[in-house]
Amino acid sequence: MYAERVLSGMRPTGSLHLGHYHGVLKNWIELQHEYPCLFFVADWHALTTQYDNPQGIEKASMDMVIDWLAAGVDPNQATLFVQSRVPEHAELHLLMSMMTPLSWLERVPTYKDQQEKLADKDLTTYGFLGYPLLMSADILIYRADKVPVGEDQIPHVEFTRELARRFNHMYGREPGFEDKAREAVKKLGSKKARLYEEMRTRFQQNGDRDAIEQAKAVLDEVQHLSMADRERLFGYLEGTGKMILVEPGYLLTEASKMPGLDGQKMSKSYNNTITMRESEESVTKKVRSMPTDPARVRRTDPGEPAKCPVWQLHQVYSNDACKEWVQQGCRTAGIGCIECKQPVIDAILREQAPMRERAQVYLDDPTLVKNIIADGCEKAREYARETMRDVREAMGLEYH
Ligand code: TRP
Ligand code: SF4
């Protein structure tokens with residue numbers, strides 16, 4: 001069985017902000033200790049909406065990778081790469097496009113949503129419709145089991161699961177599959193074979209997904225099975241045929257609670273961000289000019305933290321004692337707003353200091369970043385080539 005693999009991608013949007021750090025990157029950093037992780041720059045995905053102006057994508061990609069490294073994504077633990085440098089994604093995308101019903105793509109909710117949201121762009125393109133299919137290729141080519149994504153991306157992962165099932169069903173049926181699968185069951189030994197059959201029946205009669213997981217656990221315990229038999233047994237469980245592509249699961253990344261400078265969620269489109277490596281002067285200036293409770297016109301007017309965006313930042317950055325000081329001081333006009341903002345400024349600068357330091361190394365010597373990506377691409381390609389060999393074989397495109 002393959003080791004559980006985590007895969008996630010991010011579109012190159014240029015410099016990342018603290019919302020990305022608190023929302024996505026901290027999560028990646030935890031995951032990299034627990035699983036083999038692949039993190040990649042989805043530069044082709046950027047092209048689906050930015051095809052009219054592709055020039056900035058490369059620079060945005062490099063800046064973004066530096067931000068990943070600055071945050072603490074560790075290239076010795078995780079594999080970092082760029083999508084377009086692993087052209088196997090494109091081959092899988094093409095081959096799957098042959099068997100992807102148009103209607104499946106048209107009903108992915110982001111298709112119409114984004115077209116409406118980005119109404120100033122002409123998104124009636126082939127590439128844009130195929131966005132979820134490209135994402136499926138990204139995931140399936142690594143046989144990733146776990147895909148950390150935000151809520152908006154869940155339909156894409158669901159789509160990927162359906163597609164993997166369709167693919168396995170169509171191309172996973174080698175001649176004599178049923179017989180070979182039954183032979184493989186016998187090789188499990190009578191006790192495990194009985195368990196396996198029981199779980200298989202439970203799934204096929206009641207659609208019980210737990211049964212699948214349990215049966216997989218049984219298979220994982222068996223040492224002496226050949227790879228081919230193992231795959232047959234996985235396929236036979238669900239009745240799909242040989243499992244060539246693996247149905248991924250998702251890991252839901254909680255929506256970022258990071259507030260921006262105006263109290264709305266931090267987002268580039270709201271123009272309320274602090275970038276991860278923003279200069280100290282700029283951070284200070286931005287926080288100092290944040291709006292506060294509008295009722296506090298004069299220093300002597302009492303205020304209400306609940307009506308103030310600065311308070312939301314205290315909730316991210318301050319300890320209980322500091323928060324108590326804010327509540328008290330604000331409501332009694334005991335402290336001024338400038339005073340109240342200082343601990344937030346200090347905390348952000350403290351958080352950014354190690355990031356700035358890590359990034360400096362890469363800014364001083366950009367070949368380091370290039371090498372990290374080159375290594376990552378090589379590793380990623382090895383996995384990808386393996387999957388493509390199986391896919392070509394299943395589709396009869398080997399040309400030995
Ligand atoms: N579509 C994702 C986004 O916009 C980025 C992405 C592309 C991705 N391919 C992926 C995420 C594969 C996870 C896995 O956020
Ligand atoms: Fe906001 Fe602090 Fe001023 Fe109160 S004292 S209004 S919480 S900045």
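Predicted model: local features only at pLDDT ≥ 70, side-chain atom pairs only at ≥ 80, totals over all residues.
**Entry 1, the largest cavity.** I began with the largest cavity, which holds about 110 Å³ of space, a volume being the space filled by probe spheres set on grid points that are joined across faces, edges and corners. I took a cavity to be a set of points, on a 1 Å grid over the protein atoms alone, where a 1.4 Å probe fits but cannot get out, and a pocket to be an open set with protein on both sides within 12 Å along at least five of seven lines, while lining residues have an atom within 4 Å of a point. Of the 14 residues that line the largest cavity, I noted Cys308, Val310, Cys330, Cys337 and Cys340 as the closest to its centre. The count came to two cavities of 30 Å³ or more.

Residues are numbered from 1 along each chain as its sequence is written, chains are lettered from A and ligands numbered from 1 in the order in which they are written, and side-chain values use heavy atoms, with hydrogens and water left out.

Around ligand 2 I listed Thr292, Asp293, Arg296, Cys308, Val310, Val326, Cys330, Cys337 and Cys340, a residue being near if one of its heavy atoms lies within 4 Å. Helix H16 (320–331) and helix H17 (337–364) each supply at least two residues of this shell, helices being DSSP runs of H or I with at least four residues, numbered from the N terminus.

I then turned to the second largest pocket, in which about 460 Å³ of space lies. Its lining has 22 residues, and Glu4, Asp145, Glu213, Lys216 and Glu247 are the closest to its centre. Helix H12 gives the largest share of that lining, five residues. I also saw that domain 1 (6–172 + 245–257 + 366–394) and domain 2 (177–238) each contribute at least three residues to the lining, the domain bounds coming from an automatic or database assignment.

Lastly I counted 22 salt bridges, each a side-chain nitrogen of Lys or Arg within 4 Å of a carboxyl oxygen of Asp or Glu. One of them joins glutamate 88 to arginine 381, with the closest N and O atoms 3.0 Å apart. This pair links distant parts of the chain, 293 residues apart, with glutamate 88 in helix H4 and arginine 381 in helix H18.
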